[in-house]
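Good morning, and thank you for the time. Please have the sequence and the coordinates open while I speak.

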Amino acid sequence: MKGEEGSPDRANDDIGEVRRLEMYRMQVLIRLFEERVQGLYLENLITGTTHLMIGQEAVSAGTSAAMRDGDLMFCTYRGHGHVLARGAPADKVLGEIMGRDNGLMRGKAGSMHLTSVEHGVMGSFAVIGSHLVLACGAAWRARYKGQDDVTVCVYGDGASNIGAFHEALNLAALWKLPVVFLCENNLYQEYSRIAEMSAVEHPSADRAGSYGLERIVIDGNDADVVFRAVSAAIETARSGGGPAIIEAMTYRQSGHSRADPAKYRPAGELDLWKERDPLKLYKARLRELGIEDDRIAEVEAQSRDAVNEATEACKLAPLSSPDLIMSNLWADGSCAWRN
Amino acid sequence: MAQLTYREAVARGIAQEMARDEDVVLLGEDVAKAGGVFKATDGILERFGPRRALDTPISEQAILGSAMGAAMTGLKPIAEIMFGDFVAVCYDFIANEFGKTRYMTDGQVKCPLVVRMANGGGVAFGAQHSQSVENWCMQFPGLKVVAPSSPADVVGLLAAAVRDPDPVIFLEHKGLYGTRGEVPDGEIVDTLGTAKILRPGTDCTLIAVGMMVPRSLAAAEQLKADFGIDAEVIDLRSLMPLDTRTLLASVGRTHRVFTVEENPRVLGWGAEIVSIIADEAFFDLDGPPVRITAPHVPISTPPHLEALVIPSVERIVEAVRQSLAA
Ligand SMILES: Cc1ncc(C[n+]2csc(CCOP(=O)(O)OP(=O)(O)O)c2C)c(N)n1
Ligand SMILES: [Mg+2]
């Protein structure tokens, strides 16, 4: 990709300045967005539960940058960042999390179920593992209809030990489906270390061979690395080469969910990973490539403004409408089950 | 008109819909090359080819999940779970996924699919291959549940299920696969959510689905011949949506009601129907509503024990006779 007109692309590589600045903008947006969600929770403007992805932003930014319009994504309850990265507007995402009328689903389903078909996000799923087989179905449809979209399914390290994971991988490999399984290995499944819960070190990648797939483990805190790995997998899938499974090593700096103080972390672990903070690493990369500080500051400001504007809009938006509860169960919009 | 078996009617219904709509596809274990373990999908592969009729691994979650993923994005899959009992290993899709996606996404995502399964007993397959799973499915908002009892209804209701824009569980009764019936020629499309009065009567109403329908009809004949009791028999056909209008009208005429259920006692579909009738037609009743069900036990294997569990014609006759005499 070429740099913007008037700004020579100093890296002159496959990623380029424009995309790098965009991936940086997205990582900052997700970070500020997640911090804002936590803040609004403390203000009691967000209720229920949320699962933040602070520290994992590079996976979202790199993955979405590798996807085309029309490609589909299935995510988990830890999905705010992916939905933003696919292009869903921050106010609609935040509105959904806040239970407001301006939300993606008019404030009906909340943080764990963010969906924006318009942006290719087919859903965020909160029962571990099931969306891996859904992704197979979406990919099967693409092949059946001769459509060239690819489905990306994002899931956690813990999900690699559920049956549906294995059923999905076998079917995807057997049917050579255009699907990319992307494991965000953030070292924990809830409050337990994945290392203590999995018979192999890399719960996804070490199983790839069982399904005839390549073992791919990548640095999930480097958006460039994620972008390249996911791009290659999507390219292969799009050209009929079948599925891929990628295990991206990252770290969730926030608790599992909004109320988790994460006391189970060994001393020093969080600090170590903060040294490897994806935003920090990426900003240094941009500078190394000679991108001027004011251009970096500009995208930081864009993200900050977007989160602030979204917050103001959502605070003013009405709570989601009571008539949502009795609507859209069936295709006719009703919820009638008897005459 | 043709005489078809119930299993042939399944294949005919599937073929009718696959011929009509290229988006309709069939998947499941041994449904293609082998034509199904009950031979209910015989000939589909030969007619429509391996692109549209797919044998799957023994991966029930992948069967229902991929059917749903395809349905969400533009296909209309017909998925088979070989025995209804096995839906327990992929229950997430029944309980958490199919019926919720449209609702939770406020209509953004659709899920037009059909899950066929062989339901019920009567074939001496034992406790893990003979259960009646109507209530496993109908308790979740967002799922339609259909259970035909005749070959003609199989074709028409299967067509309606495939054309329905929402997820439909289609319960084929494994004890009925070999039974025959007249099926009209040409395209048949029925309507979900409609019960049928198969035998009008004046003294009481028997409400049944699946294999309990022919047994209730036989019981009604016997009740008439031996005791002069004129029973109305209603085939519910669709448990969700529920045609309460037909049921309540019948109770208004006969004043007595019996549900005939193959499932174990607790939380069978009849309990819901009795509750509706108690709420809305209490003063039409001349006596207590009676549920004729299996006892609350698993199903034993040998035919002589299985027959003691699943309501028989004799048990239905006896329950009605005693209750009306009381
Ligand atoms: C089938 C199922 N079992 C358990 C849970 C409860 N649960 C929610 S998140 C979670 C941890 C999942 O860990 P991982 O897959 O690594 O994803 P992460 O939360 O780290 O992103 C668990 C056990 C669930 N939602 N679904
Ligand atoms: Mg994890």
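I shall take the sheet, the cores, the domains and some local backbone features in turn.

First, the conventions. The model is predicted, so local features need pLDDT of at least 70 and side-chain atom pairs count only at pLDDT 80 or more, while totals for chains, interfaces and linings use all residues. Residues are numbered from 1 along each chain as its sequence is written, chains are lettered from A and ligands numbered from 1 in the order in which they are written, and side-chain values use heavy atoms, with hydrogens and water left out.

I begin with chain A. An unreviewed UniProt entry lists residues 25–318 of chain A as "domain: Dehydrogenase E1 component"; UniProt positions follow the numbering used here, feature names are shortened, and annotations may be inferred rather than shown by experiment. Over that range the chain is 45% helix and 12% strand, with the end C-alpha atoms 29 Å apart. Helices (H or I, at least four residues) and strands (E, at least two) are DSSP runs, numbered from the N terminus.

Chain A contains an open sheet of six strands in the order E2-E1-E3-E4-E8-E7, with parallel pairing. Strands pair if DSSP finds at least two bridges between them. At the edges are strand E2 (121–125) and strand E7 (217–219) of chain A, each pairing on one side only. From one strand to the next, the twist averages 20°. E7(A) pairs with strand E8 (residues 244–249) of chain A over three bridges, and A:Ile218 has A:Ala248 as its bridge partner in E8(A). Helix H6 (residues 163–174) of chain A packs on this sheet, touching strand E3 (151–156), strand E4 (179–185) and E8 of chain A, and its direction makes about 145° with that of E4(A). Contact here means heavy atoms within 4.5 Å; axes are lines fitted to C-alpha atoms, for helices over the stretch in contact, and angles run from 0 to 180 degrees between N-to-C directions.

Next, the interior. A nonpolar core is a set of buried Ala, Val, Leu, Ile, Met, Phe, Trp, Tyr and Cys residues joined through side-chain atoms within 4.5 Å. Buried means under 20% relative accessible area, exposed over 50%, and partly exposed in between (1.4 Å probe, protein chains only). Which residues have the most contacts inside the largest core? They are A:Phe181, B:Leu64, B:Phe98, B:Met117 and B:Leu236, in a core of 83 residues. Helix H5 (residues 130–145) of chain A gives the most to this core, with nine residues. A second, separate core of 62 residues includes A:Cys75, A:Ala248, A:Ile296 and A:Val307. Helix H2 (residues 57–66) of chain A is largely enclosed by the rest of the structure, because nine of its 10 residues are buried.

Chain B is divided into domain 1 (2–183) and domain 2 (196–325), with bounds from an automatic or database domain assignment. Their C-alpha centres lie 26 Å apart, and 26 residues of domain 1 of chain B are in contact with 24 residues of domain 2 of chain B.

Finally, the backbone. Most residues other than glycine have a negative phi, and most peptide bonds are trans. The bond from B:Met240 to B:Pro241 is cis, with omega near 0°. A:Asn44 has a positive phi of about 70° and counts as exposed at 58% relative accessibility. B:His255 also has a positive phi, near 70°, and is partly exposed, with a relative accessible area of 26%.
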